[in-house]
Amino acid sequence: MQITVGVADMQVTNNPQAVLVTHSLGSCMGVAVYDPQVRVGGILHYMLPEASLDGNKSTEKPLMFADTGIPLLFKECYRYGAVKSRMIVKIAGGSQIMDSGCFFNIGKRNYAALRKIFLRNNVLIKNEDIGGFSPRTLYLQISTGKVWVKITGEGEKLL
Amino acid sequence: MMKIDIAHILPDIKSLPPFPEVTQKVIATLDDPEVGIQELVEIVQYDPNLTANILKMSNSAYFGFPREVHSLNQALLYLGTQNLFKIIIASGATRLYGRCCNGYILDQGELWRHSVSTAVMASVISRWLGVPDGALLFTAALLHDIGKLVLDYYVHDAFTEIMALVKEGNYAFQEAERAVIGIDHAAVGGEIARQWNFPDKIRLAIAYHHLESPEALKNDLALLVYLADLLVIILGANLGVDGLAYRGHPWVMKHFGLRVRHLEQLLALFWPEMQKAQEFFNLDFRV
């Protein structure tokens with residue numbers, strides 16, 4: 001059973017039948033977290049680095065931003081019994097257009113925002129597939145914790 | 001691969017499903033300030049599918065009218081000429097965009113979704129900049145990738161060579177199309193616009209939407225379509241194998257007085273607008 005995670009959206013579940021999937025990660029980031037002991041997992045698909053960009057959006061749409069979305073993803077997993085020290089984190093996205101002057105580097109900024117938050121909170125990234133020109137689809141299988149990405153024209157890759 | 005020129009693809013353009021006559025008529029009048037709502041009504045009223053689409057869109061979240069619209073006359077009153085133009089043209093374009101593009105690895109409907117996204121983004125940008133958010137920009141944005149419908153076959157055949165240039169040669173996708181096939185999808189789109197008698201402003205915005213000509217830098221419509229397309233591409237939805245392999249030109253930012261932070265604000269504004277625009281994907285395909 002596939003559960004789709006939209007843009008500026010997250011899904012957390014412990015349903016062993018579920019595969020979480022989020023499509024069209026361009027400059028956006030997909031964050032997949034999983035606690036293998038209680039078999040709880042979630043994916044967040046955020047669009048932009050910081051909610052301070054727009055005061056209203058951060059309360060209306062906290063999942064649109066890294067700094068408001070990532071804490072919500074972890075908190076939701078804790079509700080299902082996940083424990084931070086056991087959680088495995090894998091990320092994908094942050095693609096870039098060809099940009100010589102860093103005027104359009106939203107993908108890079110999205111990635112930097114996540115690194116900053118994880119560093120501050122002692123969260124390690126187990127594996128990642130970042131950057132490049134290709135949009136990605138990110139999958140998380142709840143029964144096994146398996147995470148993989150699909151890239152148009154290139155096929156699938158295990159993370 | 002043997003390189004081709006515009007003349008070579010003319011038969012391919014002729015074999016495209018044509019725009020409905022109503023739509024062609026309406027597009028031809030887009031740049032004519034004299035055209036009033038009465039003339040549009042006369043074109044529309046005998047077309048039941050178009051009427052149905054107008055009512056559907058009038059009641060959609062995108063236009064957001066305060067009460068339900070039941071009749072064509074009521075709809076026209078609320079919508080006004082520019083919005084009416086947009087609905088008629090979008091209705092006509094759905095049929096054209098109905099198919100897959102195997103060369104670009106776009107599933108059925110994905111090019112249409114990208115096109116509508118670009119049109120919605122163009123509206124968001126123009127409102128943000130305080131420039132007119134009219135049907136001319138909407139149409140140019142909606143039809144900017146029309147050349148892909150024709151070039152698709154050639155991209156399919158030249159796939160390996162194009163991808164090698166993009167991946168190893170630092171070519172933008174349309175630069176690789178030109179290097180391998182001899183022509184790119186923007187130029188093909190411009191030719192389609194010529195064959196179909198689109199107003200020059202729209203034809204040029206389509207032909208220049210990757211800013212390959214120095215003329216493009218003086219063309220505000222082309223620059224807006226370029227920026228809208230680029231921001232939609234950056235987000236990553238409904239892209240084919242060309243993905244994000246397009247160039248960001250810093251002087252576009254300078255031209256419109258934009259910074260990275262502004263682009264992020266535009267993306268944040270775009271997303272809820274796009275949710276409201278879903279009714280564009282339920283337009284009637286029949287004509």
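Trainee: What share of the 159 residues of chain A counts as buried?
Mentor: Bear in mind throughout that this is a predicted model. Residues are taken as buried when their relative accessible area is under 20%. By that criterion the buried share of the 159 residues of chain A is 55%.

Trainee: What is the radius of gyration of chain A, and what does the globule rule give for 159 residues?
Mentor: Chain A is built from three helices and 11 strands, which follow one another along the sequence as β-β-β-β-β-α-α-β-β-α-β-β-β-β. Its radius of gyration is close to what the globule rule gives for 159 residues, so chain A is as compact as a globular protein of that length. Both the radius and the value from the rule are 15 Å.

Trainee: Is Arg136(A) buried or exposed?
Mentor: Arg136(A) belongs to strand E9 of chain A, and beyond its sequence neighbours up to four places away it touches residues that include Thr22(A), His23(A), Ala92(A), Asp129(A) and Lys150(A). Its relative accessibility is 4%. Because the cut-off for the buried class is under 20%, Arg136(A) counts as buried.

Trainee: What is the radius of gyration of chain B?
Mentor: Chain B has 15 helices and one strand, and 60% of its 287 residues count as buried. Its C-alpha atoms fill a box of roughly 55 × 45 × 35 Å along the principal axes. A compact globule with 287 residues would have a radius of gyration near 19 Å, and chain B agrees with this at 18 Å.

Trainee: Which helices of chain B are included in what covers the buried residues of H4(B)?
Mentor: Helix H4 of chain B runs over residues 48–58, and its buried residues include Leu50(B), Ile54(B) and Met57(B). At the start of H4(B), a side-chain oxygen of Asp47(B) comes to within 3.2 Å of the backbone nitrogen of Asn49(B), which is itself one of the buried residues. The cover over these buried residues includes helices H2 (21–28), H3 (37–44) and H5 (72–96) of chain B.

Trainee: Which element gives the most to the lining of the largest pocket?
Mentor: This pocket has a volume of about 690 Å³ and a lining of 32 residues, with His23(A), Ser24(A), Glu110(B), Ala237(B) and Asn238(B) nearest its centre. Among the elements that each supply at least two lining residues are strands E3, E9 and E10 of chain A and helices H6 and H13 of chain B. With four residues, the element that gives the most is H15(B).

Trainee: How many nonpolar, polar and charged residues are in the lining of the second largest pocket?
Mentor: The second largest pocket holds about 380 Å³ of space. Its lining has 20 residues, and those closest to its centre are Pro132(B), Gly134(B), Leu136(B), Leu137(B) and Leu221(B). Two or more lining residues come from each of H5, H7 and H13 of chain B. By class, the lining has 12 nonpolar, four polar and four charged residues.

Key: Residues are numbered from 1 along each chain as its sequence is written. Chains are lettered from A and ligands numbered from 1 in the order in which they are written. This is a predicted model: local features need pLDDT of at least 70, side-chain atom pairs count only at pLDDT 80 or more; totals for chains, interfaces and linings use all residues. Side-chain values use heavy atoms; hydrogens and water are left out. Buried means under 20% relative accessible area, exposed over 50%, partly exposed in between (1.4 Å probe, protein chains only). Contact means heavy atoms within 4.5 Å. A polar contact is a pair of N or O atoms within 3.5 Å; within protein, one must be able to donate a hydrogen and the other to accept it, and residues adjacent in sequence count only if both atoms are side-chain atoms. On a 1 Å grid over the protein atoms alone, a cavity is a set of points where a 1.4 Å probe fits but cannot get out, and a pocket is an open set with protein on both sides within 12 Å along at least five of seven lines; lining residues have an atom within 4 Å of a point. Grid points are joined across faces, edges and corners, and a volume is the space filled by probe spheres set on the points. Ala, Val, Leu, Ile, Met, Phe, Trp, Tyr, Cys and Pro count as nonpolar, Asp, Glu, Lys and Arg as charged, and the others, Gly among them, as polar. The radius of gyration is taken over C-alpha atoms; the globule rule is 2.2 Å times the number of residues to the power 0.38.
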